[in-house]
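Please look over the notes below with the sequence and the model open beside them. They are meant to be checked point by point.

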Amino acid sequence: MTKRTPDPAEEFDVHQAALALPPGHVLLSVSLIDMAAAAGAAPESLLGDRIRYARADLRLSIEALSRLTKEYDQPDGGLSPTSISRYESGESLPGLREFRLIAESLDVPPGWLIYGTLEEKKPEFPDGHPKLLHLWPPKLPQAGRLNYQLFGLSGSDFLSW
């Protein structure tokens, strides 16, 4: 007797029935994996790879993802398959609206799309210290003295600045 290999579609239908979802609705989620960019590369350099990975993990074609974005963007009509293809290939980067539609449609955290990791990222400064922001001319004389003290400057240093 030959053992029958279960058909994934049948197994999927059984799970859907067990969840009692309305007809036409499916429950899917992306298996998020660490896809951080290499050291020294911009985090968004792998944005296209992350979009392609999430789309493939959901078993969506580019056309299906395009149709799905239309559901999240009723007045404007979603994203075209060509646009999605360009994002995935790295030919172009999505704008904020397009980025939001992709994250919502794929149901992935926006931070994962940008950084490729689920841990919360904090800004990193090249020299390890946050930059001091100040306005010049200062509103109060004390603020000017404080800025001098913070930067170790004297009045004559400011004149040569």
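This is a predicted model: local features need pLDDT of at least 70, side-chain atom pairs count only at pLDDT 80 or more; totals for chains, interfaces and linings use all residues.

1. Start with E98, which lies in helix 5, the run covering residues 96–106. The side chain of E98 comes to 3.1 Å from the backbone nitrogen of G95. When residues up to four places away in sequence are set aside, E98 touches L79 and Y87.

2. Y87 belongs to helix 4, residues 81–89. Is Y87 buried or exposed? Y87 is buried, because its relative accessible area is 9%, and the cut-off for buried is under 20%.

3. What surrounds Y87, leaving aside neighbours within four places in sequence? The contacts of Y87 are G48, I51, L79, S92, L93, P94, E98 and I102. As for R52, it sits 35 residues from Y87 along the chain, and the two C-alpha atoms are 8.9 Å apart.

4. The largest nonpolar core consists of 21 residues. Inside this core, the residues with the most contacts are I51, I102, L106, V108 and L113. Two or more residues each come from helix 2 (47–57), helix 3 (62–71), helix 4, helix 5 and helix 6 (110–115). Helix 5 gives the most, with five residues. In soluble globular proteins, nonpolar side chains tend to be buried together.

5. With neighbours within four places in sequence left out, L113 is in contact with L47, R50, I51, F99, I102, A103 and V108.

Technical notes:
Residues are numbered from 1 along each chain as its sequence is written. Side-chain values use heavy atoms; hydrogens and water are left out. Helices (H or I, at least four residues) and strands (E, at least two) are DSSP runs, numbered from the N terminus. A polar contact is a pair of N or O atoms within 3.5 Å; within protein, one must be able to donate a hydrogen and the other to accept it, and residues adjacent in sequence count only if both atoms are side-chain atoms. Contact means heavy atoms within 4.5 Å. Buried means under 20% relative accessible area, exposed over 50%, partly exposed in between (1.4 Å probe, protein chains only). A nonpolar core is a set of buried Ala, Val, Leu, Ile, Met, Phe, Trp, Tyr and Cys residues joined through side-chain atoms within 4.5 Å.
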